[in-house]
Amino acid sequence: MMNIGFIGLGKMGYNMVLNLFDHDYEVVAYNRSLGPRKRIARRGVPTVASLSELTHSLKKPRIIWIMITAGRPVDMVLSQVVPHLSKEDIVIDGGNSYFEDSLRRARLLKSKGIRFLGVGVSGGVSGARHGASMMVGGDASAFQKTKRVFEDLCVKDGVAFLGSAGSGHYVKMVHNAIEYGMMGAIAEGMCALKDKQKCLGFSMSDVLKVYANGSIIEGRLMQWLQKAWKRDPGLKGVKGIVPVGGTEAEIKKLEKLSTMPILRQARKMRVASRTIPSFCGKVIASLRREFGGHDTKK
């Protein structure tokens, strides 16, 4: 079975490694801090203490999957990993990288004979563990080499090779924008329901039950909100502040690349919650906790 070097054991990376391990891949994991390495090792996954050790533990052509915070951290990891790689090795960036950064990294690696794939990953923590959706761009031969890996990590029909190195991350960025808008719409709707709940006498739990089952607006977001409401009716344990997320910077960039007024308003709703906590903020923060394990301010 193919062996893979995996860098980054955050919420997503940790669960993806377990998913790969369940599919009998030979995974070697690295994380900068020791705690996650110890935790994954207790599940039977081999770990290493350095990036050079990671690269030297893999068979050629090596496959390196990076799952860390987007931006400068990815460049820093590449600067340490690339000197230990060989021609035809494959580097996969599965974080929320900006698409232009992926294009730049692909050019850099190509000049050294190293193949690159930029991958947008959706599905949250549960998707990482049990089956995600992945948007792949980059070297076509690298995708063919790793296609089985993506199919094993994803739900049926949940992976597509989309084109150039930036395509996967650009499509994921637009996906994130749609997600922002959908979450904003759900939050506004919940506020409208809350405004009339007492005078009309309906139960929010009942509303969420029918919204999440068979309605036009049913879906994973609505199901996650129903789950959050069952655990904390009224979302009283959530302060109503939406913390700055890892995708917010790229969302602002997308607003300048395309005409997206709904996206802009959805982002501003989040920003406003940091000044004046709101019920809309409670809804969005609760949704983010359900699918991504993000902290909510109490």
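Start at Asp93, which is buried at 1% relative accessibility; buried means under 20% relative accessible area, exposed over 50%, and partly exposed in between (1.4 Å probe, protein chains only). The model is predicted: local features need pLDDT of at least 70, side-chain atom pairs count only at pLDDT 80 or more, and totals for chains, interfaces and linings use all residues. Numbering runs from 1 along each chain as its sequence is written, and side-chain values use heavy atoms, with hydrogens and water left out.

**Stop 1: Asp93 and its partner**

The term means a side-chain nitrogen of Lys or Arg within 4 Å of a carboxyl oxygen of Asp or Glu. Arg105 sits in helix α5 (residues 99-110) and Asp93 in strand β4 (residues 90-93), so the pair links distant parts of the chain, twelve residues apart. Helices (H or I, at least four residues) and strands (E, at least two) are DSSP runs, numbered from the N terminus. Arg105 is buried too, at 1% relative accessibility.

Now widen the selection to Asp75, Asp101 and Arg104. With Asp93 and Arg105, they are linked in a network of salt bridges. The count by this rule is 14 salt bridges. Side chains of opposite charge can pair when their charged atoms come close.

**Stop 2: helix α1 against helix α6**

Select Asp22 and Arg129. Their side chains meet in a salt bridge at 2.7 Å, N to O. Asp22 lies in helix α1 (residues 11-22) and Arg129 in helix α6 (residues 124-130), so the pair ties together parts that are 107 residues apart in sequence. Color the two by accessibility. Asp22 is partly exposed, at 49% relative accessible area. Arg129 is buried, at 16%.

Stay in helix α1 and pick Asn19. Asn19 is buried, with a relative accessible area of 3%. Show its contacts, meaning heavy atoms within 4.5 Å. Leaving aside residues up to four places away in sequence, Asn19 touches Gly127, Ala128, Arg129, His130, Gly131, Asp152 and Leu153.

**Stop 3: along helix α7**

Select it with Arg148: their side chains form a salt bridge at 3.1 Å, N to O. Both residues lie in helix α7 (residues 140-153), four residues apart, about one turn of the helix. Arg148 is partly exposed at 48% relative accessibility, whereas Asp152 is buried at 16%.

**Stop 4: between the domains**

Zoom out and color residues 3-163 as domain 1 and 172-292 as domain 2. These bounds come from an automatic or database domain assignment. The C-alpha centres of the two domains lie 30 Å apart. In contact are 13 residues of domain 1 and twelve residues of domain 2.

The area buried between them is about 950 Å², with carbon and sulfur atoms giving 55%. Buried area is the accessible area (1.4 Å probe) that two parts lose on being put together, summed over both. Select Asn96, Tyr98 and Met135: in domain 1 they lose the most area to domain 2, together 47% of what that side buries.

Which pairings cross this interface? The rule finds zero salt bridges.
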